2 protein chains.
Amino acid sequence: MIEPLFDKLAIVGIGLQGSSIARGARVKGLVRRIAIADTSPDHLERAEALALGDSLHAGADAAVEDADLVILCVPVGACEDVAKLIARDLKPGAIVTDVGSVKGSVVRQMRPHLPGHVHFIPGHPVAGTEYSGPDAGFAELFENRWCILTPDETADPTAIARLTGFWRGLGANVETMTADHHDLVLAITSHVPHLIAYNIVGTAADLEEVTQSEVMKFSAGGFRDFTRIAASDPTMWRDVFLHNKEAVIEVLGRFTEDLIALQRHIRWGEADELFDLFTRTRAIRRGIIGMGQETPAPDFGRRKGS
Amino acid sequence: MIEPLFDKLAIVGIGLQGSSIARGARVKGLVRRIAIADTSPDHLERAEALALGDSLHAGADAAVEDADLVILCVPVGACEDVAKLIARDLKPGAIVTDVGSVKGSVVRQMRPHLPGHVHFIPGHPVAGTEYSGPDAGFAELFENRWCILTPDETADPTAIARLTGFWRGLGANVETMTADHHDLVLAITSHVPHLIAYNIVGTAADLEEVTQSEVMKFSAGGFRDFTRIAASDPTMWRDVFLHNKEAVIEVLGRFTEDLIALQRHIRWGEADELFDLFTRTRAIRRGIIGMGQETPAPDFGRRKGS
C-alpha cells in the first residue's frame, strides 16, 4: 500500500465513472477520505449501500469543502452549473478536474467561474462500458487505459504531476495534449463511432421491409456489435455531440465522403479498391491489439453461443 | 449419439465456416464420413493436421463423389466455378447447399450448372468471427445462431427437412425465406454494418491531424469495436459487396439519409431529437440480448484491462 496521494477526494456525480474512481481510489489507497455528491437520491442511496464514500451529499458545494482533489463526473452539459455551485467552497490549492469526453467546452464552461487559487486541469479517462450508474462501476475500469489531461500553459507542473500520479495509481497511462487536439482525436476515436452506431441502429429500426424481429435474430452478422455503444447513456452522449459540434461535424464530413466513394466502388464493381481497403483496415486492428488496447480473443471473447 | 443424418458430407473450402461445420458434424455424429476440398495446399495441410476430414482433395469434383450432402464454403464470387466443376460428379439425390452471405447471386451462379437430379437448397448460417482459415473454426460456432435457408418453390420438402435437421444438429435455429428477402435482411444486419466499419477505420487511418498511434491508443473510446468486423476476411467481403450490390446500395442510402439528418440535429443543437434516438437504440440492444443473440456482460465480456 502506498502513502495516500490526497487527503480528501470529492467526486461530483456517482455514475459509471465516479463510482469506478471511488472504488479504485479505495482499493489502491490513493486517498484518505471520499466525499460523494449526486443530485439523484437513487444514486446516493446506491452509493451508500455500496459503501462507495465516507460522506454523501445532495449538493456538490458541501462535498468539495476541504477536498484536495475534486473530480466532476457529470454529463458535459452540466459542468458550468457545477462550477458555479462549488466555486466559493473550493479549498485554496485544490486540484479541480473532470472526466468529460469533451474538453474545449468544459474549459469554456468552468474556467470563468473557478477561483484563481485552485488548479484546474481538465481530464478524460478513455474508458467505459455501455452500462451507467453507481452499480456499473468497478475498480479496474481504468487499468491499461489512457487518461488524457489538457492543462493550459498556465497550469502548475506540480499539480499536473500529482493528478498524473492519481490516474497512474488507478492503473491508467497518462498523456497530455491541448483541449482542441483532444476534441479532434476523440471525435474520430469515440464520438463519430458512437454517432454512426446510434445511426445504424436507428436505420435498422425504421426499415419498412425488414421486421424488428428479423433485425434482432440475425444481428450476429455484425449489427449487434454496434448496438453495444448505441446502448450508452443518452444524456451523456447528447451532451457530447452538442458540445463537440465542430470537430464531430468535421470528422463526420470525412466519413461521409469516404463512404460515398466506397459506395461508388461497389456500384462500379471496383474489386481491387474494396480488397485494398479491407486489407488495410485489418492491419489497424492488429496494431490496437499490439498496443494492449484490445483483446485478441475471437469475437471480443464473447461466450460461445451468446 | 444420434444416428448419422448423412453418410458422406463433402465440404468445399475449409476456412472458418467449413472447418466449423467439419468439427461440429464430427462432434455431434451427424455424418459418417467427411471429404474436404480446398484449392489451397496450406489449408489442406492444416485440415490434415487437425484431422478435420476422412479424405482431402485439391479438386472439389473428387470430393463430392458419392456425397449425400455437399456444402460450398467458398467466397460468394467462387460459386459459379465450383458449380461447373462439381456438376458431373454429383450423386443423384444429393443435397447441394452453401454458406454464402448473399443468396440471390449464388442462385444465379449455380442453378444453371447443377443437374436436375440434385436438391439445391441455398443456405446461410449467420455466425462467424473475425478470424479466417481452418484453425479458426470451432464446433460451437453455430450454437444458438440462426441459419437461413432459401429454397425456391420447386424444392423438395424432404430435402429441406433433412438439411434443416443437419443445421439443428449443429446447434442452429433454422428459418426459411426467399433469396431476395435474405439479401435485404442481411444488407442491414451484416453487410452495411461491415461496410461502415471498414469505412470508419479507413477514415481514421487517413486523417492528417490525428496520428495512427493516437487512433490506436484512444480506440477504447468506441473505435476499437468497429475494428473487429473490419478485420474480417477481405476476399469474402469484397465478394459480398460485389454480389449484393443492389440491396447494399439501397440500405446504405437509408443509412446516409439518416446520418445527414442526425448531423443536422447536431448542427442546430436539437437536443431532444438526439436524446430520443439514443434512448430508442438502447431498447434494441435489450431486445437482442433477450433473444439470446448477445451477451449482457459489460463490454462484450472483454477481459478487464484489454
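Visitor: How do you know that β1 and β2 of chain A pair, and in which sense do they run?

Guide: In this predicted model, strand β1 (residues 6-12) and strand β2 (residues 31-37) of chain A are joined by six bridges and run parallel. Pairing requires at least two bridges, so the six found here meet that condition. Within this pair, A:Ile11 stands opposite A:Ile36 of β2(A).

Visitor: What makes β2(A) a mostly covered strand?

Guide: Five of the seven residues of β2(A) are buried. A residue counts as buried if 20 or more other C-beta atoms lie within 10 Å of its own, so five residues of β2(A) reach that number.

Visitor: Why are α7 and α11 of chain B called roughly perpendicular?

Guide: Helix α7 (residues 179-206) and helix α11 (residues 245-267) of chain B pack at an angle of about 65 degrees, and their axes lie 9 Å apart. Angles of 65 to 115 degrees count as roughly perpendicular, and therefore α7(B) and α11(B) are given that description. The crossing of α7(B) past α11(B) is right-handed.

Visitor: Which residues make the contact between the two helices, and how do they divide by type?

Guide: On α7(B) they include B:Leu184, B:Ile188 and B:Leu195, and on α11(B) they include B:Val251 and B:Phe255. The contact residues of α7(B) and α11(B) comprise 10 nonpolar, one polar and one charged.

Visitor: What makes β7 and β9 the edge strands of their sheet?

Guide: The open sheet of chain B has three strands in the order β7-β8-β9, with mixed pairing. Strands β7 (123-126) and β9 (173-176) of chain B each pair on one side only, which makes them the edges. Between β7(B) and β8(B) (residues 146-149) there are four bridges in the antiparallel sense, and B:Val126 stands opposite B:Trp146 of β8(B).

Visitor: Which helix packs on this sheet, and what angle does its direction make with that of β8(B)?

Guide: Helix α6 (residues 157-169) of chain B packs there, touching β7, β8 and β9 of chain B, and its direction makes about 165 degrees with that of β8(B). Angles over 145 degrees count as roughly antiparallel, so α6(B) and β8(B) fall under that term.

Visitor: How many residues of chain B are in contact with chain A, and which element gives the largest share?

Guide: In chain B, 95 residues are in contact with 95 residues of chain A. The largest share of the chain B side, 19 residues, comes from α7(B). By type, that side divides into 49 nonpolar, 23 polar and 23 charged residues.

How values were computed. Residues are numbered from 1 along each chain as its sequence is written. Chains are lettered from A and ligands numbered from 1 in the order in which they are written. This is a predicted model: local features need pLDDT of at least 70, side-chain atom pairs count only at pLDDT 80 or more; totals for chains, interfaces and linings use all residues. Axes are lines fitted to C-alpha atoms, for helices over the stretch in contact, and angles run from 0 to 180 degrees between N-to-C directions. Angles under 35 degrees count as roughly parallel, over 145 as roughly antiparallel, 65 to 115 as roughly perpendicular and the rest as oblique. A crossing is left-handed if the near helix is turned anticlockwise from the far one by less than a right angle, and right-handed if clockwise. Two residues are in contact if their C-beta atoms, placed from the backbone, lie within 7 Å. Ala, Val, Leu, Ile, Met, Phe, Trp, Tyr, Cys and Pro count as nonpolar, Asp, Glu, Lys and Arg as charged, and the others, Gly among them, as polar. A residue is buried if 20 or more other C-beta atoms lie within 10 Å of its own, exposed if 12 or fewer, and partly exposed in between; C-beta atoms are placed from the backbone.
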